[in-house]
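Here are some notes to read alongside the structure. They cover how a few helices cross and which charged side chains pair up.

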Amino acid sequence: MPSPLPPIPGTTPFDGDQARKGYALNKMCFSFNDEANRKAFVADEEAYMKQYGLNEQQAAAIRAKNVLQLIAAGGNAYYLAKFAGIFKLDMQDIGAQQTGMTKDEFKAKLVAAGK
């Protein structure tokens, strides 16, 4: 078996352990492909999370709408995009969360990097 890759500071690799850890969370986020499920979630987030058996770490991250916490709780970025879309969060919102900046600060950084 090859040795694991060295860690990348500030990242959470999505590996087999994370996949198992985040199964319920990712299954719930996958359900958001269906508009009726998105509406059901918005109508009663707590009941919807309970239906999928989210643990407290996952539920707290959902309540906080914090992508980094969701990734730490086993979330896969592809499935989390469905969750983020419910709340009209775009990639700049997510980038701001990841860097600890406000959205306006993050946008300014992107503009400056493009010059």
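1. Before anything else, the naming: helices (H or I, at least four residues) and strands (E, at least two) are DSSP runs, numbered from the N terminus. Residues are numbered from 1 along each chain as its sequence is written. This is a predicted model, where local features need pLDDT of at least 70, side-chain atom pairs count only at pLDDT 80 or more, and totals for chains, interfaces and linings use all residues, while side-chain values use heavy atoms, with hydrogens and water left out.

2. Start with helix α3 (residues 35–43), where K39 and E35 both sit, 4 residues apart, about one turn of the helix. Their side chains form a salt bridge at 3.4 Å, N to O (a side-chain nitrogen of Lys or Arg within 4 Å of a carboxyl oxygen of Asp or Glu). K39 counts as exposed at 54% relative accessibility, and E35 as partly exposed at 45%. For those words, buried means under 20% relative accessible area, exposed over 50%, and partly exposed in between (1.4 Å probe, protein chains only).

3. How does α3 meet α4? Their axes come within 5 Å and cross at roughly 120 degrees, which makes α3 oblique to α4. Axes here are lines fitted to C-alpha atoms, for helices over the stretch in contact, with angles from 0 to 180 degrees between N-to-C directions. Under 35 degrees counts as roughly parallel, over 145 as roughly antiparallel, 65 to 115 as roughly perpendicular, and the rest as oblique.

4. Now look at helix α2 (residues 23–31) against helix α4 (residues 45–52): the axes come within 9 Å and cross at roughly 120 degrees. The contact (heavy atoms within 4.5 Å) is made by A24, K27, M28 and S31 of α2 and Y48, M49 and Y52 of α4.

5. Back to the charged pairs: how many salt bridges does a search of the whole structure find? It finds 7. One of them joins R63 and E56 at 2.9 Å, N to O; R63 is partly exposed, with a relative accessible area of 35%, and E56 is exposed at 53%. E46, E56 and R63 are linked in a network of salt bridges.

6. Last, check D90 and K103, whose side chains meet in a salt bridge at 3.0 Å, N to O. This pair links distant parts of the chain, 13 residues apart: D90 is in the loop between α7 (77–86) and α8 (91–99), and K103 is in helix α9 (residues 103–113). D90 counts as partly exposed at 32% relative accessibility, and K103 as partly exposed at 27%.
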